[in-house]
Amino acid sequence: MSRYVERFNVVERVLHWTLVVAFFILVLTGLGLYARTFFGYFDFFGGPRQGILFHKWAGVVFFTSSLLLALSHLKELFTFDQDDVLWLKKLGGYLSKEHEDIPQGKFNCGQKLFGIFSLVGTLVMGITGIIIWDPAAFGRGLTQFSLMLHALFFTLFMVGAVVHIYLTTLGNPGTLSSMLYGHVTKTWAKAHAVKWYRKVQKG
């Protein structure tokens, strides 16, 4: 009997890693646009002009892959129950020294909220990105407002990415294998997503 259970299929993993690569290209080129301190980052892409071009097209890839990934889990992201409320009240037990079992589905409440934020952020970044791409077509006021929103969500995405990377690696060992190989151990599933695990076992 296998000690593993499938958590993400090939399509979900390809979308996730496409999104990750696009995200880091956006970060490097975005920092070059954000402040002169990081202007040298454009050298990784052949100069400022090419760096901006990379930023625009990486944005299209990020928008598409992030949106498809969110849509593939839309029902799970927007389904909350009393266990999610309890998880939220106790902040997942991350600030407690004692372990607490709070039954969760495929995604815990924190992951659902991060997923919803990512969906909203992707839409905001996509819409504002289109406006910034061709400012002459939208006017100065709307372009400046879009620049402000774009920078705000860029910062929020950076903070979210740091937390996400920590919680899927050092914070919760065994989680990363679900995106590398598609599966997690049954021990991990029982500890982190027992309601989802029971559902999978029933078939």
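Modeller: Accessible areas here are worked out by the Shrake-Rupley method with a 1.4 Å probe, and for residues only the protein chains shown count as cover. For this protein chain, the accessible surface is about 12,600 Å², and 69% of that belongs to carbon and sulfur atoms. Keep in mind that this is a predicted model, where local features need pLDDT of at least 70 and side-chain atom pairs count only at pLDDT 80 or more, while totals for chains, interfaces and linings use all residues. Residues are numbered from 1 along each chain as its sequence is written, and side-chain values use heavy atoms, leaving out hydrogens and water.

Biologist: What percentage of the 203 residues count as buried?

Modeller: Buried means under 20% relative accessible area, exposed means over 50%, and partly exposed sits in between (1.4 Å probe, protein chains only). Of the 203 residues in this chain, 37% count as buried.

Biologist: Which residues have the most contacts inside the largest nonpolar core?

Modeller: General idea to begin with: in soluble globular proteins, nonpolar side chains tend to be buried together. A nonpolar core is a set of buried Ala, Val, Leu, Ile, Met, Phe, Trp, Tyr and Cys residues joined through side-chain atoms within 4.5 Å. The largest one here has 16 residues, and Phe23, Phe62, Met125 and Phe157 have the most contacts inside it. Four helices each supply at least two of its residues: α1 (10-34), α2 (48-72), α5 (109-133) and α6 (140-167). The largest share, seven residues, comes from α1.

Biologist: And what does Phe23 touch?

Modeller: A contact means heavy atoms within 4.5 Å. Setting aside residues up to four places away in sequence, Phe23 touches Phe62, Phe157, Met158 and Ala161. There's also a second, separate core of seven residues, with Val5, Ala193, Trp196 and Tyr197 included.

Biologist: In the whole chain, what share of contacts between residues at least 6 apart joins residues at least 24 apart?

Modeller: That share is 68%. Gly51 has a relative accessible area of 0%, so it is buried. Apart from residues up to four places away in sequence, Gly51 touches Thr29, Phe42 and Phe45. Gly32 is 19 residues from Gly51 along the sequence, and their C-alpha atoms are 8.4 Å apart.

Biologist: Is His16 buried or exposed?

Modeller: Buried, because its relative accessibility is 14%. His16 is part of helix α1. Its contacts, leaving aside neighbours within four places in sequence, are Leu69, His164 and Met179. Now jump to Ser146 in helix α6. Ser146 is buried because its relative accessible area is 2%. Skipping residues up to four places away, Ser146 touches Thr128, Ile131 and Ile132.

Biologist: Ser72 is a serine too; where does it lie?

Modeller: In helix α2. At 39% relative accessibility, Ser72 counts as partly exposed. The C-alpha atoms of Ser72 and Glu12 are separated by 8.0 Å, although the two residues are 60 apart along the chain.

Biologist: What about loops: which loop holds Leu91?

Modeller: The one between α4 (82-89) and α5. Here's the background: most residues other than glycine have a negative phi. Leu91 isn't a glycine, yet it has a positive phi of about 50 degrees. Its relative accessible area is 42%, so Leu91 is partly exposed.

Biologist: Where would I find Glu100?

Modeller: Glu100 is also in the loop between α4 and α5. Its relative accessibility is 33%, so Glu100 counts as partly exposed.
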